[in-house]
Amino acid sequence: MEVLRDPSALGSLRGPVYLAIGIFDGVHRGHQALIAEAQADAARSGGTAVVMTFEPHPMMYFQHAEPPLRLSSPRHKELLLARIGVTHLAVLPFEAMRAAQAPEEFVADLVAACRPLGGICVGAAWRFGRGRTGDIALLQELGRQGGFEVDGIPAVRLRGEVISSTVIRVAVARGDLDYAEAALGRPYAVLGEVVPGRKLGRRLGYPTANIDPDGFQLPPDGVYAASVKVDGVPRRAMVNLGCRPTVGGEPERVLEAHILGFGGDLYGRELEVEFLRFLRPEKKFASLDDLRVQIARDIAEAQ
């Protein structure tokens with residue numbers, strides 16, 4: 001997948017260019033429907049479909065707040081988009097100038113950059129431009145003036161509720177992994193680098209990889225059956241998330257994975273952890289021997 005960091009790079013792509021625009025946090029089923037429409041439009045016309053997103057999260061400007069915990073980091077988002085066949089991703093920097101740009105100016109920049117702009121696909125409720133004053137009606141009018149198509153994709157529903165990154169985030173936080181998987185079209189996962197730990201798992205006979213899930217929304221503390229992708233290959237795993245009370249506790253939550261049957265060095269590697277099923281809550285054991293026995297049970301259940 002080609003990642004474009006400058007809007008002017010859109011002019012180098014085979015036209016007409018069809019843009020699927022949004023934040024796409026988590027790349028859930030609603031996002032997938034929107035992207036699929038842009039891909040279909042580009043295929044019909046012999047053009048290029050481009051997913052366009054923004055970093056950092058626009059909420060920092062529009063709501064003067066810290067962005068929410070992510071369902072997908074920028075790097076993870078790239079991997080998820082590539083898996084659904086996205087060939088071009090445009091990541092626009094979102095800073096004060098972008099936040100102050102009128103909706104008409106933003107669209108005019110896209111029209112000028114593409115050779116030509118064939119269409120824009122967005123969610124039907126999408127808002128854009130200064131103060132979020134642009135909506136689908138304005139975008140359609142600008143499309144008539146500029147000679148490009150506009151697709152406002154209806155929301156996808158699950159259990160009678162609109163699928164959104166916010167709803168999925170709440171589901172993950174409360175441990176509803178079944179809802180998250182149904183809304184995402186895949187098990188909920190986080191991506192992080194393996195960092196040095198206290199090597200307590202190795203002392204117990206069950207070495208673990210300590211993974212830094214910086215900025216990700218995490219499910220409740222506990223032990224999970226999981227799948228961990230190592231070099232893109234999924235491996236069964238048992239994952240512990242929490243503060244490890246039996247061994248003195250940690251100041252912050254720790255995500256550690258015991259990958260079944262794997263003994264290689266993973267420090268500095270990037271791992272993707274899929275949470276498959278909650279096994280039990282985290283608890284403090286009376287001794288390390290009791291903890292060791294429980295870990296063996298957890299691994300057998302994870303298998």
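Are Phe106 and Phe128 buried or exposed? Select the two residues: both Phe106 and Phe128 are buried, where buried means under 20% relative accessible area, exposed over 50% and partly exposed in between, with a 1.4 Å probe and protein chains only. Before going further, note that this is a predicted model, in which local features need pLDDT of at least 70 and side-chain atom pairs count only at pLDDT 80 or more, while totals for chains, interfaces and linings use all residues. Residues are numbered from 1 along each chain as its sequence is written, and side-chain values use heavy atoms, with hydrogens and water left out.

Now display the rings of Phe, Tyr and Trp (its six-membered ring), which pair if their centres lie within 6.5 Å, planes under 30 degrees apart counting as stacked, over 60 as edge-to-face and the rest as tilted. By this rule there are seven aromatic pairs. In one of them, the ring centres of Phe106 and Phe128 are 6.3 Å apart and the planes stand at 55°, so the pair is tilted.

Tyr224 is buried, with a relative accessible area of 1%, whereas Phe278 is partly exposed at 35%.

Finally, return to the whole chain, where buried residues make up 50% of the 303 residues, and where the C-alpha atoms fill a box of roughly 75 × 35 × 35 Å along the principal axes.
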